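I opened my notebook to go through this one piece by piece. Here is what I looked up, in the order I got to it.

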Amino acid sequence: MLTRNCLSLLLWVLFDGGLLTPLQPQPQQTLATEPRENVIHLPGRRSHVHRVKRGWVWNQFFVLEEYMGSEPQYVGKLHSDLDKGEGTVKYTLSGDGAGTVFTIDETTGDIHAIRSLDREEKPFYTLRAQAVDIETRKPLEPESEFIIKVQDINDNEPKFLDGPYIASVPEMSPVGAYVLQVKATDADDPTYGNSARVVYSILQGQPYFSIDPKTGVIRTALPNMDREVKEQYQVLIQAKDMGGQLGGLAGTTIVNITLTDVNDNPPRFPKSIFHLKVPESSPVGSAIGRIRAVDPDFGQNAEIEYNIVPGDGGNLFDIVTDEDTQEGVIKLKKPLDFETKKAYTFKVEASNVHLDHRFHSAGPFKDTATVKISVLDVDEPPVFSRPLYTMEVYEDTPVGTIIGAVTAQDLDVGSSAVRYLIDWKSDGDSYFTIDATEGTIATNELLDRESTAQYNFSIIASKVSNPLLTSRVNILINVLDVNEFPPEISVPYETAVCENAKPGQIIQIVSAADRDLSPAGQQFSFKLSPEAAIKPNFTVRDFRNNTAGIETRRNGYSRRQQELYFLPVVIEDSSYPVQSSTNTMTIRVCRCDSDGTILSCNVEAIFLPVGLSTGALIAILLCIVILLAIVVLYVALRRQKKKDTLMTSKEDIRDNVIHYDDEGGGEEDTQAFDIGALRNPKVIEDNKIRRDIKPDSLCLPRQRPPVEDNTDIRDFIHQRLQEHDVDPTAPPYDSLATYAYEGSGSAADSLSSIESLTTEADQDFNYLADWGPRFKVLADMFGEEESYTPDKVT
C-alpha cells in the first residue's frame, strides 16, 4: 500500500511540477475540432502565446491499477475555454467504462475511477467527452476522444505454463551437457520497470544440475553420473521477477530428469562353472539347461549373445539367447549315449550385441564360463540294426518259407533279451509271421504279385525285462514275378481292309501286353497259327520290337463274297517258362476311295444304289421324321377338339343346376328337379344322369334326430350313393341337395290327432296351457271338451 501511494505521489510531482508535459493527442484524436483560438499556458515553460485548435486540457492521463484507497481515484480534469465558471456548461463522458469504471463531475469536469482496475485485464480505455450548454442542451464543442492508460504495478508472479517438465540426459555425460530449457511468463508490463524481468535459479537439484539465470537452460553439473547408481532426479526451478531483487514475486516448477542408459557395463557370469545333468534319452533339439550372464545396463544395451567356444563336446550342443530373459539356452544337437560317454565339458562366451566405442578403453565387453554336462543313464528300448528292412520273395512261394530276419539289441548296461512281434494294425491280413525270439520273417499265405506287388508293415521289439520299452521298424517286402500269364494282343482286336487293297500292304500294327511283371529286355514274338498258314489271305510280319503288322497277301477283296476274315495270331514271351497265346483278329472288308480312305463298312451298303450318298440318306430320314411329327400333331388336335366339344355339352347340362345361395321357386319351379319323384320313389328312372353341382359350405343349425326313420328317404339316399360310386362321369366331389319334402314325423310330435296312434280319450292336452299366450285358444278348446266328459260310474 505504501509503495502504491509513493508511486502516485511521484507521478503527481512529475506531471504537476512541470517535469513532464502531457501527452499530446494524435491529429485524429483532437479533443476539439471546432476552430477556436485559445490561450494555453503549458506548465514548466516560459509564458508565450501561440494558437492551437484545442478546446480541452487535462492534468493526468494515467490511473494506477489495483488502487485500494477509500476514495475514488482521481484521473484528470476536463475544461472548455467556453466555461467561464458560471455553471452554464455541463460535461458528459462516454466510451469504455463510462459510468461503470469512470465518472465525471458534470460541473467541474473532474474524472474519477470508481473501482480498482487491472492492467492485465485491460491496459487502456478510450473515452469521448462533450461540453453541453445547460440551458439549450446544445453541444458547445464537438465530441472529442482521449485515452486513459492503466499504470502497471508488480502484481503478477512468473508462471511456468508448460510445467511440470520431463527431461532425459544420457548417463556418463560430460559437465555442461544440455538437458532442457524452461520458460516462465510474467503478465506484468515488460516495457515499464522490472515487473516482468525474470531471473531463474535452482532451489533443489544441486550439485547435479545448473541453470542459466537468463535463458532457463538446464545443464549437467557433475561428470560421470551413473544410471546404475541413480536413475531419477527431481529438480526444483524458481523464476523471480524484479530482476531477482528483494521484494520480487516468484514462481516454481518441477523438472523430472531421467538418466538414459548407455552401454558402459560388460556382461558378467555370476559364477565360473555351471553344472548340468541331462538324461541320455533327451531328444535332439530339446533344451537341456539355461545359464545367464548379468548386465546392469538396460534395453538393447543389455542384449547378450552367447557362443560355445570350440572344445571337448562342443559339437554336440548349441546355445541360443532367450529374447525375453536374456538367458543362454543350451540345446542338444546330437543324441546322447551314456554307454558311450558319460560327461562333456565346454566353455560359453557372453558378449554384448550393441557396443559403445566410448567405453572400449574399459576392457572387452564379454565374459566366459565353463559348462559341465553329466549324462544320466536311462533304461532305453531296443535298437534295430537298420532303420528300414527291405526283402524280396517270389510269388507262389510255399507257406512257411523264411524270407529274412530283423535284429534289435538292448544297449543298456546289463542288456536284456528282446522279443519281436508284427504290428497287427499294419499287417491285418497276416500274410507273414515272425519268430518272437530269432526275428525271422516267414510267409503265412500264398502271395500273388498281380494282386499285391508290395507289402509294408511294422515290427515291434520289446525288452523282456521291461515290456513297456518298445521300438518299431518298417518292413518293405517286394513280391517278385513268376511268368504264369501268356502275352495277349493289345486293343484293337478288329481292323479293316479295303476292297482295292494290294498285296504286301500293312493294314494294322499290333502290340502285346503281359500281366506278368516283364523284366527289362523281354521280347514278344508274333506269327500265324499253323492251321492259318496254309494259303492265307493275310499274314503277320514281326518287326522284332514287340510289335507286328498285319499284311495282305492277295490283290483285292470283295464284300459280296466274304465280308469278315478271322486271323489267328500266336504271341510268345521270352521269360521262363515260355508262355504263348493265340489271339484271333477280325478283319472287315470295307469300300474305300482311291486314296485308301474308308467310305463304308456296313453290309446294307452293298444293296443300295451306287449313286445314293450318305447325305441323301440323311435327307430322306429327316423327311420321314417331319411327316410323322405332322401326323401326330394332327391326331392330337382332333382329340383336343373332341374333348372341348364334350366339355361344352357338360356345361350345357350344368346350366340347369340351382345354386344354394339363391332362393328357389318352391313346388312350382319345374325347371330344375321333378319333386314328384321324391314323393313317389318308385317312379325314379334307372341310370338317370345326375345334374348336381358342388354345394357351398352351409352352416346349418344342429337338429335333433327324428323319432322314427323315414325309410323312403333313406332308400333314396342309398340308391344315389351307389349310383355315384359306379358312375365314372360323376364329379370328384360330394354334393348335397335339399328337397321340399316333409317327413313322416317331428321331434316335437304333431299337434293334430290325425294318424295318431292313441285315441282321443287317451290324450292329455293340459300341457298346452304351459306353452304361452299363442296357444291359449287351443288350450281353451281342448279344455272345454274335457270339462263336458261325463263321470264314470263307480
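**Charges over rings.** I began with the rule: a charge sits over a ring if NZ of Lys or CZ of Arg is within 6 Å of the ring centre and within 35 degrees of the ring normal. With that in hand I found Lys122, whose charged end sits over the ring of Tyr125, 5.4 Å from the ring centre. I also noted Lys342, which lies over the face of Phe338 at 4.8 Å from the ring centre. A reminder to myself: this is a predicted model.

**Aromatic pairs.** How many aromatic pairs does a search of the whole structure find? I got 16. I picked out Phe317 and Tyr344: their ring centres are 5.5 Å apart and their planes stand at 75 degrees, so I logged the pair as edge-to-face, the class for planes over 60 degrees apart. Phe317 belongs to strand β20 (residues 317-321) and Tyr344 to strand β22 (residues 343-352), so this pair ties together parts that are 27 residues apart in sequence. Are Phe317 and Tyr344 buried or exposed? Both are buried.

I then turned to Tyr557 and Tyr565, an edge-to-face pair with 5.7 Å from centre to centre and 75 degrees between the planes. Tyr557 has 4% relative accessibility, so it counts as buried, the cut-off being under 20%. Tyr565 counts as buried too, at 6% relative accessibility. One more entry on rings: Tyr431, Phe432, Tyr455 and Phe457 are linked by ring pairs into a cluster.

**The sheet with β20.** Next I followed β20 into its sheet. Three strands form an open, antiparallel sheet in the order β18-β21-β20. I marked β18 and β20 as the edge strands, each pairing on one side only. On average, neighbouring strands here are turned by 25 degrees against each other, direction ignored.

Five of them join β20 to strand β21 (residues 327-332), and Thr321 stands opposite Gly328 in β21. Five bridges also join β18 to β21, where Arg290 has Val329 as its bridge partner. The hairpin of β20 and β21 has five residues between the strands, and in it Gln326 takes a positive phi near 60 degrees.

**The nonpolar cores.** Which residues touch the most other members of the largest nonpolar core? Of its 25 residues, I listed Phe269, Phe317, Ile330, Val348 and Val371. The elements that give two or more residues to this core are β17 (273-279), β18 (287-292), β19 (304-309), β20, β21, β22 and β23 (366-376). I looked at Phe269 by itself: leaving aside neighbours within four places in sequence, its contacts include Phe274, Ile291, Tyr306, Val348 and Ala350. Apart from this core lies another, of 23 residues, among them Leu180, Val198, Ile202 and Ile257.

**A further sheet.** My last stop was an open sheet of three strands in the order β26-β30-β29, again with antiparallel pairing. Why is one side of β26 and of β29 left without a neighbour in the sheet? β26 (402-405) and β29 (432-434) stand at the edges with a single partner strand each, so one side of each has no neighbour there. Neighbouring strands of this sheet are turned by 25 degrees against each other on average, direction ignored. Three bridges join β26 to β30 (residues 440-443), and I wrote down Thr440 in β30 as the bridge partner of Ala405.

Technical notes. Residues are numbered from 1 along each chain as its sequence is written. This is a predicted model: local features need pLDDT of at least 70, side-chain atom pairs count only at pLDDT 80 or more; totals for chains, interfaces and linings use all residues. Side-chain values use heavy atoms; hydrogens and water are left out. Two strands pair if DSSP finds at least two bridges between them. Helices (H or I, at least four residues) and strands (E, at least two) are DSSP runs, numbered from the N terminus. Axes are lines fitted to C-alpha atoms, for helices over the stretch in contact, and angles run from 0 to 180 degrees between N-to-C directions. Rings of Phe, Tyr and Trp (its six-membered ring) pair if their centres lie within 6.5 Å; planes under 30 degrees apart count as stacked, over 60 as edge-to-face and the rest as tilted. Buried means under 20% relative accessible area, exposed over 50%, partly exposed in between (1.4 Å probe, protein chains only). A nonpolar core is a set of buried Ala, Val, Leu, Ile, Met, Phe, Trp, Tyr and Cys residues joined through side-chain atoms within 4.5 Å. Contact means heavy atoms within 4.5 Å.
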